[in-house]
Amino acid sequence: MAGWFITFEGVEGSGKTTQIRLAGEFLRERGLPVVVTQEPGGTPLGDRIRELLLNRGGFDISGEAEVFLFAAARAQHTDAVILPALEAGKIVLCDRFSDATIAYQAYGRGLPQEPVREICRFASRGLVPHLTILFDLPVEAGLERAFRRIAGRESNLREDRFEREHLDFHRRIREGYLAIARQEPGRLKVVDASAGIEPTRREVQSVLSAFLGG
Ligand code: Z5A
């Protein structure tokens, strides 16, 4: 595989979506071939699954069902978008991937880790990011940002099913991400996301430059 697979992860409102866009521009300005994509989403099937998972649809989704829905979106995304781009030598920047399932469904929902990890391995065909940038900040600060942004949208377009969970759920997710970072310090680089957009952008650029060699 010739390309590089780089994922952006973090709790709600950590700023990863803002930063992935800026990182894409930064790399494109350097003449590098970049694909920016997201999970759940990135394919027509993934977009439909995203609607089911993130909007309040008036029906329950169990933790186990959630894992399989995220995994179905990931399987299609890996096959149709990520692997072909990597094989074509591109840099794929992806907003969330398997670490999100471990953090949200295993640590957050409390599902057993090993089956969740196995489902992730199956869905992603064993693909592991070369680099993961983890945007870390206290969950209260992230949720405040996320709710401010959600309040600006029409109620039928609000993807707020996860944000409305209890604070302890979000704290377990943050702890989960930090635990993964401790387990895999070579792959995960933790960035302080509590600073403004500009200092965070500079930190992300220095992580990317160090990783890509220049
Ligand atoms: N999920 C899961 O449970 N399992 C899985 O396997 C996967 C996902 C893949 C959708 O993810 C949800 O699915 C997510 C986890 C779950 N939970 N929720 N919700 P998502 O990535 O699409 O949604 P999100 O986490 O809510 O991301 P987001 O809303 O896109 O937030 P963000 O990317 O962290 O932040 P942002 O959009 O860049 O910024 C949020 C606001 O803050 C916005 O108004 C910015 O202008 C502002 N902002 C950004 N950076 C800053 C700084 N540095 N200072 C001040 N203000 C800032």
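The model is predicted, so local features need pLDDT of at least 70 and side-chain atom pairs count only at pLDDT 80 or more, while totals for chains, interfaces and linings use all residues. Residues are numbered from 1 along each chain as its sequence is written, and side-chain values use heavy atoms, with hydrogens and water left out.

**Exercise 1.** Find how many residues surround the ligand and which are the closest.

Solution. Begin with the rule that a residue is near a molecule if one of its heavy atoms lies within 4 Å of it. By this rule 26 residues surround the ligand, and the closest are Glu12, Thr17, Thr18, Arg96 and Arg149. Next, sort the shell by residue type, with Ala, Val, Leu, Ile, Met, Phe, Trp, Tyr, Cys and Pro as nonpolar, Asp, Glu, Lys and Arg as charged, and the others, Gly among them, as polar; the shell then divides into 8 nonpolar, 8 polar and 10 charged residues.

**Exercise 2.** Describe the aromatic pair formed by Phe5 and Phe97.

Solution. Rings of Phe, Tyr and Trp (its six-membered ring) pair if their centres lie within 6.5 Å, and planes under 30 degrees apart count as stacked, over 60 as edge-to-face and the rest as tilted. The count by this rule is 5 aromatic pairs. For Phe5 and Phe97 the centres are 4.9 Å apart with 90° between the planes, which makes the pair edge-to-face.

**Exercise 3.** Locate the backbone features at Pro40 and Arg96.

Solution. Start with the peptide bond joining Glu39 and Pro40, which is cis, with omega about -10°. Then turn to Arg96, which has a positive phi of about 75° although it is not a glycine; Arg96 is also among the residues closest to the ligand.
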